[in-house]
Amino acid sequence: MFEQERIPCVLMRGGTSKAVFLLENDLPSDPQRRDRVILSIFGSPDSRQIDGLGGADPLTSKLAIIGPSSRPDADVNYTFGQVDIRTPFVDYSSNCGNISSAVGPFAIAQGLVKAVEPVTVVRIYNTNTHSVFQAEVPVVDGRPAVLGDYHIHGVPGTGARIGLNLAGTVGAKTGKLLPTGNPTDVIEVEGFGPLEVSMVDAGSPMVFVRASDLGLTGIETPAQIDSDPHMLELLETIRCIAAEKMGIADRAAAREKVRAVPMVAFVAPPQDYRSHIDNAPVSAQDIDFVSRDMFMQIMHKTYSGTATVCTGCAAVTPGTLVYELRGPRADGLVRIGHPGGIIECDTAVENGTITRAVFGRTARRLLEGYVYVPRTVLE
């Protein structure tokens with residue numbers, strides 16, 4: 001008897017993240033056995049994930065489980081998993097916009113969706129948020145295109161642009177764009193005092209705070225925030241309070257089990273700064289505001305795709321702290337200054353309803369083959 005079993009897998013970059021892609025039928029149907037296999041694949045828990053495929057960073061410890069969809073309005077089912085590095089835990093409470101951009105190309109390459117040139121529209125049902133979104137995937141010679149002139153900050157070079165419209169995810173987690181019914185609320189933070197926040201649900205639920213209210217400028221780097229345990233604890237406390245206010249989880253569960261959502265972001269007026277990745281200048285004239293997105297209790301090195309959608313939707317919703325920064329505008333293009341550069345969300349609002357929330361990404365298939373899992377894990 002073989003000591004290890006092999007499971008087909010594909011490693012893909014989606015936007016500024018990487019994920020292991022697995023087919024649903026190649027995993028155990030029992031949730032507990034499935035998660036044991038997934039943890040083994042990633043080498044978790046271990047801070048270096050040295051015995052698995054994880055990259056020892058939340059942005060590279062991501063999972064996509066893909067299968068055919070039985071829904072008439074979707075082509076494939078997609079389950080996103082955030083694999084924790086330090087504890088034996090896989091968080092399925094949210095979606096990832098960056099990894100979502102790789103689902104369409106994966107589905108086409110695997111033959112789950114028929115390739116149509118020059119653009120194949122893939123309808124994706126995200127099981128995490130129970131919502132459907134569309135990916136517009138460029139196709140060349142029957143395969144997902146890789147080469148192109150579209151550049152995203154945080155990824156070297158350029159690639160073929162994939163458009164993701166996540167308007168269908170508005171209110172997916174809580175049922176409403178504004179879960180509390182208010183564009184702003186005041187929460188009481190123990191040891192800090194009252195704090196004005198905006199809680200918004202689109203793409204992924206988020207809670208926005210003014211950077212100045214926390215004593216921050218808004219253009220802090222990941223290294224600055226991640227090395228400040230007091231600020232990390234304050235931001236996590238804010239996140240957990242918001243989770244309870246939004247009806248996602250109580251504070252204890254948010255801290256222990258629902259770690260990915262809501263994400264917390266601090267925002268500030270547009271400013272000049274430099275990318276922490278390549279020191280390239282970012283001009284205040286090219287952005288509407290700056291935002292720093294916390295993900296899994298550290299600062300995102302760039303900006304989450306679902307956070308881009310949520311921030312874009314917040315920016316066109318009167319009364320929110322983000323709208324306050326951007327101001328009323330005729331056009332729907334929201335330009336966000338993040339630690340690594342700029343990301344845009346193209347929005348449209350009709351009769352008070354957000355009908356478009358599109359951001360562009362690139363994706364690339366990096367590796368395909370088999371990952372080996374010890375038989376003892378399966379048993």
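Me: What makes the lining of the largest pocket divide into nonpolar, polar and charged residues?
Reply: In this predicted model, the lining holds six nonpolar, three polar and five charged residues. Met and Pro count as nonpolar, and Asp and Arg as charged; P58, D84, R86, M296 and Q297 lie nearest the centre of this pocket. Its volume is about 310 Å³.

Me: Which residues lie closest to the centre of the second largest pocket?
Reply: The second largest pocket holds about 230 Å³ of space. Of its 16 lining residues, Y150, H151, I342, I343 and E344 are the closest to the centre. Strands β19 (341-350) and β20 (353-361) each give two or more residues to this lining.

Me: Why is the charged end of R161 said to sit over the ring of Y150?
Reply: The distance to the ring centre is 5.4 Å, and the limit is within 6 Å, together with an angle within 35 degrees of the ring normal. Likewise, R292 lies over the face of Y273, at 4.8 Å from the ring centre.

Me: Why is the pair of F21 and F106 called tilted?
Reply: The planes are 40° apart; under 30 degrees would count as stacked and over 60 as edge-to-face, so the pair falls in the rest. The centres are 5.0 Å apart. F21 in strand β2 and F106 in helix α2 are 85 residues apart, and both are buried.

Me: Why is the pair of Y78 and F133 edge-to-face?
Reply: The planes stand at 80°, and over 60 degrees counts as edge-to-face. Y78 lies in strand β4 and F133 in strand β7, so the pair ties together parts 55 residues apart in sequence.

Note on methods. Residues numbered from 1 in each chain as written. Predicted model: local features only at pLDDT ≥ 70, side-chain atom pairs only at ≥ 80, totals over all residues. Heavy atoms only, no water. Phe/Tyr/Trp six-rings, centres within 6.5 Å; stacked < 30°, edge-to-face > 60°. Helix = DSSP H or I, 4+ residues; strand = E, 2+ residues; numbered from the N terminus. Buried < 20%, exposed > 50% of the residue type's maximum accessible area, 1.4 Å probe, protein only. 1 Å grid on protein atoms, 1.4 Å probe; cavity = no way out; pocket = protein on both sides within 12 Å on 5 of 7 lines; lining within 4 Å. Points joined across faces, edges and corners; volume = space filled by probe spheres on them.
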